[in-house]
Amino acid sequence: MNEAIDTSMIDWSRAQFALTAMYHWLFVPLTLGLAVVMGIMETVYYRTRNEFWKRTAKFWMKLFGVNFAIGVATGLILEFQFGTNWSNYSWFVGDIFGAPLAIEGILAFFMEATFIAVMFFGWAKVSRRFHLASTWLTGLGATISAWWILVANSWMQYPVGMQFNPETMRNEMVDFMAVAFSPVAVVKFFHTVLSCWVLGAVFVIGVSSWYLIKKREQEFAKASIKVASAVGLFASLVTAATGDQSAYQVAQVQPMKLASMEALQDGSTHAPLTVVGPIMIPEMLSVLATHSMDGFVPGINDIMEGGYQLSDGTTALSVDEKIARGKMAINALADYRNARKENNSEMMQSSLSVLNENMPYFGYGYIKDKSTLVPNVDLMFWSFRVMVGLGVYFIVLFAVLLFLTWKKTCRVDNHNWLLYVGLWSIPLAYIASQAGWIVAEVGRQPWTIQDMLPVDAAISRLETGSVQTTFFIFLIMFTVLLIAEIGIMLKAIKKGPEDR
């Protein structure tokens, strides 16, 4: 295929994967968030034997079940795309990337599938204790599933625990624990899962606010808001704390992502954090990126030109130098394979030495236009501010609602404006969630694996027309599924909790 067709096909493949991922992420956060809320409610029922809490838990379980089913369908399609549209990527690092996905499918998914059946159909068939355990284990299974998916994604952001094998021309895992428990994976897990709890809490608050506006199920709605606001406040505070740690890690291993998030062209020490427009917090960016007020934060131009000092004391290479060393690695690999065919051990050893020395820059050898190493700055800048701004808003919302629902002299239903705020916060939670993933994934471009494999080297050789066709098929199918889910959930909400 010629270059123009390749470029078009790459863009369509990226668009298809982004479409699937964004639709899938509409369902995952609500699954994880509702799992905690309904688990707490059933725990209260188990301890008090109050049928009110059983009725409340069963209502949220119903909405959880609808959302869970659609999420599974979109998730399966997402994983298949690694083999269909990104086969070079799957071949190059399949030994590493496939391991967490396999564990997720075998362990976590079957754990969810087993206990979700007991949770929905076992109320009158198993003991209250076993049913409570099944509810929590369903949520735990979903959370474990998220862990392994996030391990795989974190490895793409920060590849560790592997070694390139010139014999097979593949990266192979040499340290499973380094992959499974890398610092980036641990922080990403807590930040992502706790943000899902935030979304679930906002969803419960929004639906409960609707009941209070309609003067329906008031005891149920107030109790649900009380539980959700407590979960949401805890989760939002932990999300903010892990976000700080995540920013520090990004500064160390993905400096271009951080520079794009801040639209920082030229770096400096004592760097201020831009809030919006001319509003800045002095020295805050240096604190976030280096945990020091006088730390140097490189800008986009610095990263492209190199020459600044890294945290390990070495000097940063320019992009041109990295590209040159990447090409040296690619040529050394070709020389090694030719020498191996000729059984020239001396040439093999020499080529292998050059390859190992330049392997950290291997991916740069495939970069044709160095301007592609800069992500979409405007999209990154505003997505980051939407995510952080809404995160602060949710902290305030949860704190206010928690105060009103727990203080006996105050009643949340006396503040009709606040109920409408709670209701209309539901779409804001989804916007914040999607904005977070835009920052994470767009900021990594043009890499599928940071500094190792660019997108145009990871793609399958497909016809552009076939990718376009499947894009629109998925768009229609996912939209229909989303509309169906919203319709079923709205019907269940209008019906309300089951009668005693």
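Q: What do the axes and angles of helices refer to in this predicted model?
A: Axes are lines fitted to C-alpha atoms, for helices over the stretch in contact. Angles are taken between N-to-C directions and run from 0 to 180 degrees.

Q: Which relative orientation do H2 and H16 have?
A: The axes of helix H2 (residues 51-84) and helix H16 (residues 464-495) come within 9 Å and cross at roughly 170 degrees. Angles over 145 degrees count as roughly antiparallel. The orientation of H2 and H16 is therefore roughly antiparallel.

Q: How many residues of the contact of H2 with H16 are nonpolar?
A: On the H2 side the contact includes Phe-59, Leu-63, Val-66 and Lys-62. H16 contributes, among them, Phe-474, Met-477, Leu-481 and Glu-485. Three residues of this contact are polar and two are charged, while the nonpolar ones number 13.

Q: Which strands give two or more residues to the nonpolar patch?
A: Val-275, Val-276, Ile-279, Ile-281 and Trp-382 form this patch on the surface, with about 420 Å² of accessible area together. Val-276 is found in strand S4. The elements giving two or more residues are strand S4 (273-276) and strand S5 (279-281).

Q: What is omega of the cis peptide bond that joins Gln-445 and Pro-446?
A: Pro-446 lies in the loop between helix H14 (416-442) and strand S7 (447-449). The bond joining Gln-445 to Pro-446 is cis, with an omega of about 10 degrees.

Q: Where is Lys-215 placed?
A: Lys-215 is a residue other than glycine with a positive phi, near 60 degrees. Its place is in the loop between helix H6 (183-213) and helix H7 (218-253).

Note on methods. Residues are numbered from 1 along each chain as its sequence is written. This is a predicted model: local features need pLDDT of at least 70, side-chain atom pairs count only at pLDDT 80 or more; totals for chains, interfaces and linings use all residues. Side-chain values use heavy atoms; hydrogens and water are left out. Helices (H or I, at least four residues) and strands (E, at least two) are DSSP runs, numbered from the N terminus. Angles under 35 degrees count as roughly parallel, over 145 as roughly antiparallel, 65 to 115 as roughly perpendicular and the rest as oblique. Contact means heavy atoms within 4.5 Å. Ala, Val, Leu, Ile, Met, Phe, Trp, Tyr, Cys and Pro count as nonpolar, Asp, Glu, Lys and Arg as charged, and the others, Gly among them, as polar. Patches are made of residues with over 30% relative accessible area and no salt bridge: like charges are joined within 9 Å, nonpolar side chains (Val, Leu, Ile, Met, Phe, Trp, Tyr) within 5 Å. Accessible areas come from the Shrake-Rupley method with a 1.4 Å probe; for residues, only the protein chains shown count as cover. A salt bridge is a side-chain nitrogen of Lys or Arg within 4 Å of a carboxyl oxygen of Asp or Glu.
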